[in-house]
Amino acid sequence: MIKAVFFDIGGTVHTQDATPESDRDYKERLWRYLEEHGIRTADTPDELLEHINKGAKAYKAFTEEELIEIPADRIWQEFFLADFHIPAEKLAGLGEDLCYMFDRWRKHIVKREGLEETLKGLKDAGYRLGVISNIMSTTFVPRILEEHGVRQYFETLTMSSVCGIRKPRADIFDIALKEMGIPKEEAAYVGDTISRDVRGISNAGWPLMIQIDNPRIYHKDEKYRGMGYKADVEIKTLAEILPAVEEFNRKLKEGT
């Protein structure tokens with residue numbers, strides 16, 4: 001029987017979109033932060049953002065190939081600010097702030113409708129809740145859950161920034177199970193991507209994968225369509241999660 005439900009964050013708990021406003025806000029925040037710490041980069045915030053976007057693309061390619069997360073200081077020295085050849089000692093200790101800033105402000109974040117009601121409903125029904133997230137920052141997930149007003153519902157937060165492993169590797173899911181203290185037969189997962197979430201649960205061998213619709217990532221998942229990866233349940237809204245888990249358990253109990 002399913003006793004715990006784990007959630008992805010970006011695209012699942014909330015949606016995120018790059019907008020002109022988020023571009024402006026992010027590049028100005030980043031510019032000020034680097035200037036305050038005596039790190040000179042490009043001549044203008046606009047030029048700096050171009051380099052950051054280039055570095056972010058390179059780091060994304062690296063993580064998708066290696067399926068690991070490297071420490072925050074290295075992310076910024078070796079990828080995001082690589083064009084500026086900043087000495088490691090000058091960035092030492094700044095990486096987490098920079099990663100949080102990127103994860104929080106680079107895109108406009110909106111929590112999904114019915115988030116708290118869904119989590120409360122699951123908790124009231126007796127389910128334990130956790131997070132499994134690919135994320136550069138070690139502080140973004142707890143902080144954004146606080147912003148959304150739902151941190152209290154989650155028992156465990158398993159993050160690639162802490163364990164160094166990224167979805168779809170099975171071992172990040174194994175770590176989440178160990179942190180919660182349950183076998184995989186009792187776990188369900190809710191995520192939005194085929195590339196990381198559906199493939200990850202397939203690799204990990206969990207019994208229930210619930211995929212929530214997110215048109216923003218269709219293009220990223222295109223190459224995985226037709227490869228045989230399919231969620232057990234596909235939903236449009238968070239409100240459908242509890243009924244899906246209850247239905248799975250009912251069928252299991254009845255042996256159907």
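# Why these labels?

User: Why does histidine 14 count as buried?

Analyst: Its relative accessibility is 0%, and buried means under 20% relative accessible area, exposed over 50% and partly exposed in between (1.4 Å probe, protein chains only). So histidine 14 lands in the buried class. Bear in mind that this is a predicted model, where local features need pLDDT of at least 70, side-chain atom pairs count only at pLDDT 80 or more, and totals for chains, interfaces and linings use all residues. Residues are numbered from 1 along each chain as its sequence is written, and side-chain values use heavy atoms, with hydrogens and water left out.

User: Where is histidine 14, and what is it in contact with, leaving aside its neighbours within four places in sequence?

Analyst: Histidine 14 sits in strand 2 (residues 14-17); strands are DSSP runs of E with at least two residues, helices are runs of H or I with at least four, and both are numbered from the N terminus. With those sequence neighbours set aside, histidine 14 is in contact (heavy atoms within 4.5 Å) with Ile9, Ile109, Val110, Lys111, Arg112, Phe140, Ile144 and His148.

User: How do the axes of helix 5 and helix 7 cross, and what is that called?

Analyst: The axes of helix 5 (residues 95-105) and helix 7 (residues 140-148) come within 10 Å and cross at roughly 40 degrees. Angles under 35 degrees count as roughly parallel, over 145 as roughly antiparallel, 65 to 115 as roughly perpendicular and the rest as oblique. Therefore helix 5 is oblique to helix 7. On the helix 5 side, Tyr100, Asp103 and Arg104 make the contact, and helix 7 brings Phe140, Arg143, Ile144 and Glu147.

User: What makes histidine 85 exposed?

Analyst: Histidine 85 has a relative accessible area of 70%, so it goes into the exposed class. You'll find histidine 85 in the loop between helix 3 and helix 4 (88-91). Its phi is near 50 degrees, a positive value in a residue other than glycine. Leucine 67 is not a glycine either, and has a positive phi of about 55 degrees; its loop runs between helix 2 (45-66) and helix 3 (72-80).

Methods: Axes are lines fitted to C-alpha atoms, for helices over the stretch in contact, and angles run from 0 to 180 degrees between N-to-C directions.
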